[in-house]
Amino acid sequence: MRKFPDPGPVRLDHGSAGRYLAGLVKEHRRALLAGVVFGVACMLAQALVPAAIGRAIDLGMIARDRSGLLLWGGVVLGLAIVQAVTGILRDRNALSASLGAGYQTMQLVTGQASRLGATLGRRVTTGEVVGVGTADIASIGGALETTARGSGAVVSIVAVAVIMVSTSWRLGLAVLIGVPLMTWLIALLIRPLHGRQERLRDQQGELASRAVDIVGGLRVLRGIGGEDAFAARYRAESQRVRHAGVEVARVEVLLSAAQVLLPGLLVAFVVWLGAHAVLDQRISPGQLVAFYGYTVFLAGPIGWLTDAVDRITKGFVAARRVTRMLALEPEIVSGPLPPGSLSSPAPLTDAVTGLVVPPGRFTAVACAEAGEAAALADRLGRYTDSGAAYGDIPLRDLPLTEVRRSILVVGPEGRFFTGPLRAELDPRDTSADGGGDRPELAEALWAAAAGDIVDALPDGLDTVLVQAGRELSGGQHQRLRLVRALMANPDVLVAVEPASAVDAHTEDTIAARLARARAGRTTVVLTTSPIVLSRADRVVLVAGGRVAAEGTHAGLLGDTRYRHLVTRETS
Amino acid sequence: MTTLPVAGAREVRAHARRLTLRHPRELAVAVALHLAASAVALAGPRLLGDLVDEAGRGIDRVDRITLVIVALVVTQAILVRSAMYASAKLGEKVLAELREEFVDTVVSLPLAVVERAGTGDLVTRTTRDVDVLSRSVRMAVPDTLTAAMTILLTMGALVLVGPLMVLPCLVAVPVLWAATRWYLARARDGYLRQSAAYADLTDGLAETVDGARTVEALELAGRRFDRVNRDIARSYATERYTLHLRTVYLPICDTAYVLPVVTTLIFGGLLYIDGRVSLAAVTAATLYVQQLLDPVDRLLYWMDDLQIGGASLARILGVGRKAAGTGTGGAPQPACTGGEAQDIAVKSVSYSYREGHDVLHKVDLDIRRGERLAVVGPSGAGKSTLGRLIAGIHEPREGVVTLGGTPLTEVPLGALRREIALVTQDQHVFQGTLRDNLTMADPHAGDAELEAALRAVDAWEWAGELGLDTEVGPGRAELSPSQSQQLALARLILVDPHTLVLDEATSQMSPVAARRLERSLAAVMEGRTVIAIAHRLHTAHDADRVVVMAGGRVGEVGTHDELVARGGIYAGLWNSWHGGQDAD
């Protein structure tokens, strides 16, 4: 079996669900082909059992030949062993393809989530993407897996038809017309099922999304109450899903009934024809039993065939959701300039407010309006497109990776991931074990006054952060985000309220040390805290969407607007 | 990572039994229909045996028997449809109950448990495990029942054909028994590990999606890819193990259940040659034994799914083990109405998130009714933890927190909420309308009350514009952190408790907005006990008393003026804050 995971993401055409599935088939063609070969061998061995039993009756029993009986009995056993061995080989190969497709999709979805970055949250919910990672990859795997059994079913149907026609063309013809007719009728029943299943899947996704939402907001629910109201809303939606499920089942059971009725009628018809043939002495009693066996057997492969159609249908539905996610494009695209365009330190300017951030200095910006700081940070870091420029080059003309590497925005939306703290704090460390323990880390921890956080953890820097560091307090989070930003060591650091959740004393320490740690580099802090503002080389007041005043903190305190904004005085 | 517990095999069996018997009428109908369908299916081989035996006796008989076969097939199809519909309906009902009970359990989980186990595990349990279980309940369970019934009925039919013909069937029993024992002993753990590995895979994806902006900002795509690859490698290893189990088990079964066909044929054939049984009997017996193949196959096929379903059920039930949440125990206490009944006492309380690492050390604190208490101190001093203990969210590891003399752990959660409420610094906007996000705090609140609450927190301006029935939350109308915080405070107003614990509840807001909000809140806080956990010292300045925490202990307690005069930790903090302003 092939080894997983692949070292890198596979390149697949995700233009449509069909092309996506075709790409996966091509990717796993060896396993799928082996699965098909073994699937065919398995089904053929099974298909030949009725013929061998028929021979045992005719050549053994009716001829009263003990050795003939033993010989054909032995053939039946031999066929069973072949069927058993090829059956598991088929399943192994099919599973390999199925898992492979699932894992590759997982890699692609993870890669796409990373590629979309900030865009992702604006376009899809976490629940939807997690739905792709759970149910959809299973459906896609199921669609690939089913090819082995499905094709075995097709071939065995053909083989049985050939045997039947060569024994009696009338009976053979009856089966040859009967089986496709049956399959067609069953397909007719599947069609309305398709849409219903898709709607059900969407509803189930919504329900899962709601459950994810409840889990995410559990802290709030526990603090304020409302668990009952929420459980009730979940219950209401769950009941809707239940009724939708029953509606789908109403169609599904028709399919099951048809799977009994149609082969059953065919069997009756074939047996009736066969009995007449026995009466006319055109076939033997053993052959009649064999015909009965074939037609009963055919219900099996036809079942697999319809199951295959069903699974492939579900696979398409899932692939459509995956391709929809993969087709999303980042809202922010790379500029046309070649890499290396952003080299020497230059002032960073914001066209909207007229803010100019001089290179190599510690600038603090106090924004009077709520929300202005976040918007300004988004423009300076190019999370939204604007006329912001680095020197005289607009940010939107630069390669995006270069902008990301040079300008780092650190704010409340930053997340940590599950993993050892040491690696989490050092995003630029590319050594595989993340245990490089760079000397800069101690400096960064000192600068962000975060040493005590690490000391309090059971294994220090080797402690594994659980669930994005949920156990840490808001202030601890904030300081560790700052440590991480300092380790990233960008040319320009844009920090949004970097120390708003720590006590006054620590805030002052951080502000002073931040200025030292970033000496000679460009740092912009968006804050209204007098403690941080007083540590900046230069302070800019942004009010009414424009730069309203510039100077030092002490100097600007003479400005009423500024004083009113940053101190608690009310006039 | 600490994971949530998984229920034991005995517990799963007991629960499955209760689940099965919860709707006896529906279950009886479904079983009866399946039984009837299986019984009808048995007539075929018997009739065919007759056909083979009597083929020489004339066209009339052949036609008559064929008509009977047709009638039976139609009956069987109708029975199958009704049986499957009945079991699907029952299955959906049971499933809905299962997932709803599960969510009920989840919302009563102690918070500490959820935070440590990770939401990914819980999410997998709510999505994939419920999915897997749905397959078991909707398909595996009824089909297994039908298969078992068919096997029993077929054996009965064999006895009717000729008691001797049952013997060859028994050949397969020891082989199947031994192989199945071997398999089942290993399969459960194997599938549990498989599910756990899958949970990690989902967890990793959820983290990547949730932190996508961080991934972009810090170019962490490579690391996220490494993470998914590690998870895939683990998941693949567990898949290979269960595949190995099947590779041993399934071929043995496949061979074992064809053995009876071969022995029936040879044994019956020899008996026939010796003239001891009729051709019809051997034919019917062979066909019956062959017909056994399908139900036995189905039984074994579903065994796999039932195992996986059992594993999922174990994971779903496992959550319930942790559900005996804080404050849910004990007899209902009379509602505390006023006076001393509203005094809160923290007595010698210690607390740890991890064993051996106390974040609070023997904290003592008395909070009087109507008092405005500020809790300050450096980050990580245990302020938030103390707040959660006072709100009854966490249970002290040692010591006790009492409300009017009653330990909080003995106050039912519902009653506790109306007494004490907590607003934390982490906010969550729930999927749903703005109204849903508010009425969770008070289900009976009308538009006027909601508007009043939003006005009190200065949020009516944007909320009124948005409209109460606008869908908010991720992917819908997104609220800013400060709007989320206002929403949280509005909820608090709707809950109307006599004691509020504000855990840095205004920290996400700009000072200007915070100031405006605090002015509006002042009216709301009037007459209530307020425990404000804050780092902005003006909150402490305005408080009746200030508690200074450091290193998990209460360092100083007193009024602002007393503490400043004392020249201790608080005085140092105050000077740092005030000194920074460079003006007075």
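Predicted model: local features only at pLDDT ≥ 70, side-chain atom pairs only at ≥ 80, totals over all residues.
**Chain A, domains.** I looked up the domain assignment first. It gives domain 1 as 17-326 and domain 2 as 348-566. The C-alpha centres of domain 1 and domain 2 of chain A lie 55 Å apart.

**Chain A, strand S6.** I then went to residues 407-410, strand S6 of chain A. A:Ile407 and A:Val409 point one way, A:Leu408 and A:Val410 the other. In a regular strand the side chains alternate between the two faces of the sheet. All four of these residues are buried. S6(A) pairs in the parallel sense with strand S9 (residues 492-496) of chain A, over four bridges. Opposite A:Val410 I found A:Ala495 in S9(A).

**Chain B, sheet.** I traced an open sheet of six strands with mixed pairing, in the order S6-S9-S10-S3-S11-S12. S6 (420-423) and S12 (553-558) of chain B are the edge strands, each pairing on one side only. The twist averages 15° from one strand to the next. S3 (residues 372-376) and S11 (residues 545-550) of chain B run parallel, joined by four bridges. B:Val376 has B:Val548 as its bridge partner in S11(B).

**Chain B, helices on the sheet.** Helix H11 (residues 383-390) lies across S3, S6, S9, S10 and S11 of chain B, at about 155° to S10(B). Helix H16 (residues 481-495) of chain B touches S6 and S9, and its direction makes about 175° with that of S6(B).

**Chain B, UniProt record.** The unreviewed entry lists residues 27-45, 65-84 and 165-184 of chain B under "transmembrane region". I checked two of these spans. Residues 65-84 of chain B are 100% helix, with end C-alpha atoms 28 Å apart. Residues 165-184 of chain B are 65% helix and 0% strand, with end C-alpha atoms 30 Å apart.

Terms used. Residues numbered from 1 in each chain as written. Chains lettered and ligands numbered in written order. Buried ≥ 20, exposed ≤ 12 C-beta atoms within 10 Å, placed from the backbone. Helix = DSSP H or I, 4+ residues; strand = E, 2+ residues; numbered from the N terminus. Pairing = 2+ DSSP bridges. UniProt positions renumbered as here; feature names shortened; annotations may be inferred. Domains from an automatic or database assignment. Axes fitted to C-alpha atoms, helices over the stretch in contact; angles between N-to-C directions. Contact = placed C-beta atoms within 7 Å.
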